[in-house]
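Good morning, colleagues. Please take a moment to look at the sequence and the model on the screen, and then I shall lead you through a few parts of it.

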Amino acid sequence: MLSQCLCQFYKSLVLRNLKWNSIDVAALARRIHSSAKKLSDCGLKEQTIQKCETEELPQSMENHDGGRLHIPVMLEEVVNCLSPQPGQQHFLDMTFGAGGHTTALLEKASNITIYALDRDPTAYNIAQQLSESYPKQIRALLGQFSQSESLLISAGLEPGTLDGVLLDAGCSSMQFDTPERGFSLQKDGPLDMRMDWDRYPDMPTAADVVNALDQQALASILRTYGEERHAKKIASAIVQARSIYPITRTQQLASIVAGAFPASALYARKDLLQRPTHVATKTFQALRIFVNNELHELLIGLKTAEKFLKPGGRLVALSFHSLEDRIIKRFFHGIDMTEKYNLGAKQKIRQALKNCSEEEDTEEITPGKSNSKWIFIQKKVLTPQAKDIQTNPRGRSAKLRAAIKL
């Protein structure tokens, strides 16, 4: 059963997620099928080990009862870009998290209704609790971006009725700070990484990925979603380690990745603040993106936002790494997502503008406007201010792009 589930899941996910990259998808699917069978042979042993290890974890969740919850990124910029006005009614927060952006919007305009969407059950519970304090202003919705259209319709909204949408991609601090979720390499926990957590028990975890896929498939994932230069080396180390013992814990995987490099390279990489970062950081990012189908979900979320926004409605999108930002930028500019990344967005934007000028010889193209769908609120991408980075270093890589639907 596990083998069949993995095979079906990876075939569909790889076809959707990797279609924008030069990877032999058909061959990858075949390797996934063959490697999934290997995992099923040790499945019972792995499940027993995982159960024993999980029972050793503390049952309480520090963040659940008021530890460090998710700190909203670029709060002031988000509110200013959405800019709720008198007479506007409906807004959508597509990644509610701990509700920081939603609460700030309600402080700015108390007469609006915000539809608070999140795929994470913990965030959904927070939204439900907050809706008790704002019974007419907050409508909690549980689901993925790809489910948002049906959820909004079920909530009574029709396409073309939203005044503003916020899409905040990436993970929340609540997910990173809860070891049981398996997102952080700094805190030991089961290697899970599912944003939906236990809503879909048959959905493969990060542990399933590293134990089921062959070396070439793993390297493709690390290279594509983590932009990891040493993908082959890391994939080889993972395959070698799992042949001895199944990989089921976060720090177990982090140690395996670290073992593929000399000790001097463990923290040789630097983040945007020039702080040392663990050599396994990109591996964890790649696995998380793959497990949660994040890039495909992001594109569907952007399309849904466009569909439900009314003309003049505003879309604010926050990204936290180049893969997300590239999709958002191309979406706003109307560039085909199937184009290879190395063709350069600027070149495609110039071509799109040139095509528009050729078709409309007598009309002047307004700066910031492209493909007659969006006009940009800011000429350049916004990044966090120094004071925001000091308060919330995790948001240091954030990029904000905002546009008005025409």
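This is a predicted model: local features need pLDDT of at least 70, side-chain atom pairs count only at pLDDT 80 or more; totals for chains, interfaces and linings use all residues.

**Strand S4 and its neighbours**

Strand S1, residues 90-93, runs parallel to S4, and 3 bridges join the two. Within this pairing, Leu 92 stands opposite Val 165 of S4.

**The end of S7**

Let us now follow strand S7 to Ser 319, which lies in that strand. The relative accessibility of Ser 319 is 1%, and this residue therefore counts as buried, the cut-off being under 20%.

Which side chain does the side chain of Ser 319 meet in a polar contact? The partner is the side chain of Asp 325, at 3.5 Å. If we set aside neighbours within four places in sequence, Ser 319 is in contact with Glu 324, Asp 325 and Ile 328, and also with Ser 397, Ala 398 and Lys 399.

**Aromatic pairs**

I turn next to the aromatic rings. How many aromatic pairs does the structure hold? There are 6. One of them joins Phe 176 and Phe 183 in an edge-to-face arrangement, with 6.4 Å from centre to centre and 70° between the planes. Phe 176 has a relative accessible area of 24% and is partly exposed, whereas Phe 183, at 4%, is buried.

Another pair is formed by Tyr 225 and Phe 290; this one is tilted, with the centres 6.0 Å apart and 40° between the planes. Why does this pair tie together separate parts of the sequence? Tyr 225 belongs to helix H10, residues 215-226, and Phe 290 to helix H13, residues 281-291, so the pair links parts that are 65 residues apart in sequence. Both Tyr 225 and Phe 290 are buried.

Finally, I would draw your attention to one aromatic cluster, which is made up of Phe 331, Phe 332, Trp 374 and Phe 376.

Thank you for your attention.

Notes: Residues are numbered from 1 along each chain as its sequence is written. Side-chain values use heavy atoms; hydrogens and water are left out. Two strands pair if DSSP finds at least two bridges between them. Helices (H or I, at least four residues) and strands (E, at least two) are DSSP runs, numbered from the N terminus. Rings of Phe, Tyr and Trp (its six-membered ring) pair if their centres lie within 6.5 Å; planes under 30 degrees apart count as stacked, over 60 as edge-to-face and the rest as tilted. Buried means under 20% relative accessible area, exposed over 50%, partly exposed in between (1.4 Å probe, protein chains only). A polar contact is a pair of N or O atoms within 3.5 Å; within protein, one must be able to donate a hydrogen and the other to accept it, and residues adjacent in sequence count only if both atoms are side-chain atoms. Contact means heavy atoms within 4.5 Å.
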